[in-house]
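Hello,

Here is the structure I promised to pass on. Please load it first, then read my notes below.

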Amino acid sequence: RVRGGRGCGEQNGRGMAMHVRIHAPRGTRKRGAATRAARSNVVKTRAKSCDRLDAWLAERGVPKQPVKPEHVDGRLGCVATRDVMPGEQVLRVPQEFAITAVDVAEHPEASAAKEHGDLVGLALWLLAEQARGESSEYAPYVETFAGESLSPLLWTQEERDDLLKGSPTKEVVDGQLRELEKTFEQLQQEHFEPDPDKYPSRHYNLESFKRAFVAVLSRTIYLPSADCFALVPLADMIKKPADGSGGLIDFSIEEDAVVMTTPRSILDGEEILAGGGIERSSGEMLIATGHVDADAYDTDYLNWDTELVQADKLYSFKKQILEDKGLSTKQSFPVYVDRIPRQLLSFLRLSRVQDPSDFFKISFEEDQKVSEANEYEVLMLMMAECQERMGKYGADLDNDFQIKNNPESTPKDVVAADLRINEKRVLRGTMDGIRRRLAPIRKVPTKKGMQDPNQDIIDMFNELEKLPGKPKEFLTSLLSRDKGKDKSRGSSPPR
């Protein structure tokens with residue numbers, strides 16, 4: 001039943017003036033005794049669900065595993081039941097327990113979504129099995145999907161506007177929600193409304209559909225060898241960290257099972273990780289899992305979108321160069337906290353070339369400058385982009401840390417603050433990297449000594465750098481100069 005299906009194209013793509021807000025965002029409320037009691041009940045309920053799943057798998061002949069499901073740090077996870085050595089298999093779930101597009105196509109209710117892709121199909125499968133309740137043959141497994149997620153796909157429009165202000169993640173979330181609503185509307189018109197007995201609205205409604213989709217998004221596993229997405233009991237509870245650390249879960253044709261081998265030793269009681277080397281940004285993690293991984297500092301990234309200007313007189317030549325390198329005229333690159341991709345720099349250098357003879361200096365294999373002037377222009381444009389992005393957040397890092405550490409902040413407030421902190425760290429790291437590259441260009445030796453050949457441009461950008469932090473000073477200065485009253489520069493002539 002685990003066989004070739006739709007490819008991994010459905011996975012999330014890398015599908016991103018400073019006003020200090022000293023208060024927590026709207027929606028902040030005290031975590032009273034009732035909230036703490038509710039959380040305690042969730043932990044107890046999930047613990048019972050884990051025990052029931054373990055028993056259900058054992059009854060159906062699933063071999064004893066050196067892992068067990070457990071409630072870890074406010075979410076489901078799997079921990080080792082004994083010490084495990086590197087290279088040892090820690091998971092083996094027979095293929096008949098894996099839910100794939102094949103099961104969706106054969107399901108009486110879920111088959112309605114078989115043409116809408118693996119993830120939507122699995123979401124409708126889960127929704128249908130939840131509607132069956134205890135009569136479902138998968139009831140112990142389906143029960144483990146219960147609980148609320150902090151994914152912004154489930155937030156209100158007001159919460160998204162407030163908590164995701166300035167974050168590129170907001171645009172991604174809004175786009176995914178539009179697609180989900182469009183898909184649900186189509187399913188409703190073609191299947192749900194024509195047959196209300198089969199699809200009662202108390203189960204098959206937009207909110208329930210979104211919750212099922214988010215649950216599937218947080219648990220689904222992509223199996224490379226089978227080229228499909230799957231829900232796999234026990235296996236899909238294993239944490240997939242943002243930095244990609246941990247073993248790879250895949251389908252083994254020889255064993256006819258979903259298996260995982262650990263690349264490192266694991267101690268008894270330690271949580272199992274299954275990243276398989278696939279890195280995910282903080283935004284992707286929040287959307288998919290409702291959590292932000294603060295430990296993935298070195299592997300977190302933001303997407304940097306670039307595009308050639310069609311009005312460029314050299315557009316056709318630049319397009320050909322990019323296509324020869326397997327790139328398009330509109331490209332997105334991941335920018336990390338400690339490094340700027342070489343291909344991004346090469347793309348931007350190419351985009352600013354105006355002399356055809358400089359094409360021969362473009363390299364996508366090496367970090368090679370075209371000229372000092374070209375490099376300066378590229379770096380200053382990148383700096384301006386970073387500053388614009390930072391300004392969109394409307395608050396600084398200190399404010400985010402205050403919200404994160406405020407005991408009265410809600411879980412949504414905290415996870416949104418974690419996201420903003422990580423995204424701003426990437427932007428700050430990128431700006432630091434740009435400044436290091438600018439240093440030798442800004443100060444070069446000349447016959448007159450250490451002078452800056454681009455001083456006029458620097459002055460302009462220095463003024464722009466001051467603008468987000470000191471808008472009032474900047475405007476006052478402009479007005480004073482206009483009236484001939486600017487004394488800040490003394491009697492020296494203009495530069």
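Predicted model: local features only at pLDDT ≥ 70, side-chain atom pairs only at ≥ 80, totals over all residues.

**Two loop residues with positive phi**

D227 has a phi near 55 degrees, a positive value in a residue other than glycine. D227 lies in the loop that links β4 (221-223) to β5 (228-230). D256 also has a positive phi, near 50 degrees, and is again a residue other than glycine. Its loop runs between β6 (248-252) and β7 (257-261). D256 is partly exposed, because its relative accessible area is 38%.

**Cysteines**

How many disulfides does the structure hold? The count is zero. Take C50 as a case. The closest cysteine sulfur to that of C50 belongs to C78, and the distance is 7.8 Å. A disulfide needs the two sulfur atoms within 2.5 Å, so C50 and C78 are too far apart for a bond. C50 is buried, because its relative accessible area is 2%, and the limit for buried is under 20%. C228 is buried too, with a relative accessible area of 2%.

**Helices α11 and α13**

Now the helix pairs. Helix α11 covers residues 372-392 and helix α13 covers residues 411-442. Their axes come within 10 Å and cross at roughly 155 degrees. Angles over 145 degrees count as roughly antiparallel, so that is how α11 and α13 stand to each other. The crossing of α11 with α13 is left-handed. On the α11 side, the contact is made by E372, E375, Y376, L379, M380, M382, M383, C386, Q387, R389 and M390. On the α13 side, the residues are K424, L427, R428, T430, M431, I434, R435, R437, L438, I441 and R442. By class, the residues of this contact of α11 with α13 are twelve nonpolar, two polar and eight charged.

**Helices α9 and α10**

Which way does α9 run relative to α10? First the geometry. The axes of α9 (residues 315-324) and α10 (residues 342-352) come within 10 Å, with a crossing angle of roughly 160 degrees. That makes α9 roughly antiparallel to α10. The handedness of the α9 and α10 crossing is right-handed. K318, I321 and L322 of α9 meet F347, L350, S351 and R352 of α10. The residues of the contact of α9 with α10 split into four nonpolar, one polar and two charged.

**A139 and its surroundings**

One last site. A139 lies in helix α4, which spans residues 139-142. A139 is buried, because its relative accessible area is 7%. Which residues does A139 touch, leaving out those up to four places away in sequence? They are R52, G133 and E134. There is also L53, which lies 86 residues from A139 along the chain. The C-alpha atoms of A139 and L53 are separated by 9.0 Å.

Best wishes

Terms used. Residues numbered from 1 in each chain as written. Heavy atoms only, no water. Helix = DSSP H or I, 4+ residues; strand = E, 2+ residues; numbered from the N terminus. Buried < 20%, exposed > 50% of the residue type's maximum accessible area, 1.4 Å probe, protein only. Contact = heavy atoms within 4.5 Å. Axes fitted to C-alpha atoms, helices over the stretch in contact; angles between N-to-C directions. Parallel < 35°, antiparallel > 145°, perpendicular 65-115°, else oblique. Left-handed = near helix turned anticlockwise from the far one by under 90°. Nonpolar A, V, L, I, M, F, W, Y, C, P; charged D, E, K, R; others polar.
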